[in-house]
Amino acid sequence: MTALVRREVLKYIEGIDKTTCYGCTACVAACHFDAIRMIPDNEGFAYPLICHDNCTDCGECGRACPYANEDLFHDDQPRAYALQAKDHKMLEKSSSGAAFALMANKQICDGGWICGCVFDERYTARHIITSKIIDLDRMRGSKYVQSDMGACLKTVESYLTDGQSVMFSGTPCQVAGLRSYLGINYENLITIDLICHGVPSQTLLADYLTYESSKNGKLASFSFRDKTKNGWCSNGIIEWHAISGVKRKRTSLYNDSYYYYYYLADLASRECCYVCPFARLNRVSDLTIGDYWNADTANLSFDCTIGTSIIFANTDKGISLLSELENEAHLVETSPEHAAAGNSNLLSASPRPRDRDNVYSAIANKGYGEAAKQFCRLKPFVPTIKSLIPKQIKLLAKRIKNGR
Ligand SMILES: Cc1cc2nc3c(=O)[nH]c(=O)nc-3n(C[C@H](O)[C@H](O)[C@H](O)COP(=O)(O)OP(=O)(O)OC[C@H]3O[C@@H](n4cnc5c(N)ncnc54)[C@H](O)[C@@H]3O)c2cc1C
Ligand code: SF4
Ligand code: SF4
């Protein structure tokens, strides 16, 4: 699509085909006349809206937009590695093998900046830019919701033009948005994207937490991924201040959480996620990270069961950064095809279920609990039995199965 045609799409964003906008904010950052705002639609997903009074028809927004820009994809086939941090504390706090924490830690120690997603005090996911280790801790851990980019694209650009080193991490479309906006391949920028399943809206997560609070008491803490009780898996933890004191409640993947179910059954993703062009081996970042879920069949020389990342080095810059991690991580080359076999979103977008049409309107009309009962077929009993088996026994069973 040419810049000019894209410009027309932006101009009439009110009627836009929503599959063509990732919400990356590149158009907002590119506008010199402050004519574009990101406005949430009725599902809570932000889309750009042009203020025609300020707009001069210069076309900069269309040029910055990553939609249908094939030039952003790297030509070379990536090299794939299994990675696990040797530092067990770092590993415990990360979603998978701590690939992100290792790289971000190095970046900060070398005097650079990291830009990535944190939860604020209200559990809104936001991108921030920082050089503090304490913020790296907040960035760790997946937040399965669309992150608010705020003004970070412009901030990243200002640091880059100032000669400072920036490591940007996010979903592939956020990385595409940043690179498309910048328009220049800065030597001092390193980009990391995630294998991406898709993103629900912030409204869905906020409504879920409000719903749970109304049932259990004041929210104390929440995280999507937590290894403390069940080791490396997709379980999260939700903690409440019940009237009788602190009560801990484990939310389990899919089976007993009204948010996870929506997320993993693809019932509530942004429309562009169902036709995501980034789900392919040619990536837009220097490095791509994800969970190496089938690592136990890759004949690795280390115990992969405590969390292993799959990491793709897509550019020379990515390969060079990875080689600098060799002392701090178990790093074993593997095949992209093997990794793809255990991770469907590496090569294809999540399918759009028919129920997706009605999920958000049902929440608006009936309330969160009633709508969730209609769409989510929870089976809380299954994870409850699994959770009774101590973590060590589960690990032992896996090791025996893998012959270690
Ligand atoms: C929305 C989403 C969908 C994902 N889907 C898959 C998948 O289908 N398959 C798979 O293997 N892995 C997926 N991941 C990645 C996976 O959950 C782990 O983040 C990844 O394995 C890296 O683990 P880690 O231990 O290295 O880093 P972590 O400790 O998980 O590091 C977190 C990194 O993720 C970034 N991040 C966290 N939340 C967001 C967000 N909402 N938006 C943008 N960036 C964010 C942070 O900036 C940081 O760079 C997804 C992550 C997200 C956020
Ligand atoms: S630049 Fe990003 S937010 Fe703006 S229209 Fe394009 S995809 Fe949507
Ligand atoms: S699935 Fe694709 S379009 Fe959706 S958030 Fe992920 S990268 Fe962006």
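I looked up S201 and found it buried, at 1% relative accessibility, where buried means under 20% relative accessible area, exposed over 50% and partly exposed in between, with a 1.4 Å probe and protein chains only. The model I am reading is predicted, so I note that local features need pLDDT of at least 70, that side-chain atom pairs count only at pLDDT 80 or more, and that totals for chains, interfaces and linings use all residues. Residues are numbered from 1 along each chain as its sequence is written, chains are lettered from A and ligands numbered from 1 in the order in which they are written, and side-chain values use heavy atoms, with hydrogens and water left out.

**Entry on S201.** I placed S201 in the loop between β7 (189-194) and α9 (202-216), taking helices (H or I, at least four residues) and strands (E, at least two) as DSSP runs numbered from the N terminus. Leaving aside residues up to four places away in sequence, I listed the contacts of S201 as E43, G44, F45, V145, Y259, A268 and Y360, a contact being heavy atoms within 4.5 Å. I also checked Q146, which is 55 residues from S201 in sequence, while the two C-alpha atoms are 5.7 Å apart in space.

**Entry on β6.** I then asked how many of the residues of β6 are buried. Five of the five are, so the strand is largely enclosed by the rest of the structure. On one side β6 points V166, F168 and G170, and on the other M167 and S169. I followed the pairing next, where two strands pair if DSSP finds at least two bridges between them. β6 runs parallel to β4, joined by three bridges, and C115 stands opposite F168 of β6. With β7 the pairing of β6 is also in the parallel sense, over five bridges, and there L189 is the bridge partner of V166.

**Entry on ligand 1.** I counted 36 residues around ligand 1, the closest being S95, G141, S142, K143 and N343; a residue is near if one of its heavy atoms lies within 4 Å. Sorted by type, the shell holds 13 nonpolar, 19 polar and four charged residues, with Ala, Val, Leu, Ile, Met, Phe, Trp, Tyr, Cys and Pro as nonpolar, Asp, Glu, Lys and Arg as charged, and the others, Gly among them, as polar.

For polar contacts with the ligand (a pair of N or O atoms within 3.5 Å), I noted a backbone N or O atom of A99 at 3.1 Å from an oxygen atom of ligand 1. An N or O atom in the side chain of R225 lies 3.4 Å from a ligand oxygen, and a backbone N or O atom of G290 lies 3.2 Å from one. The protein covers 98% of the 880 Å² of accessible area that ligand 1 has on its own, by the Shrake-Rupley method with a 1.4 Å probe. Two or more shell residues come from each of α5 (99-109), β4 (113-119), β6 (166-170) and β11 (287-291), and β11 gives the largest share, three residues.

**Entry on backbone angles.** Most residues other than glycine have a negative phi. I found A98 with a positive phi of about 70 degrees, in the loop between α4 (88-93) and α5, and buried at 2% relative accessibility. D266 has a positive phi as well, near 60 degrees; this residue lies in the loop between α10 (260-264) and β11 and is buried, with a relative accessible area of 8%.

Technical notes
Polar contact = N/O pair within 3.5 Å; in protein donor to acceptor, adjacent residues only side chain to side chain.
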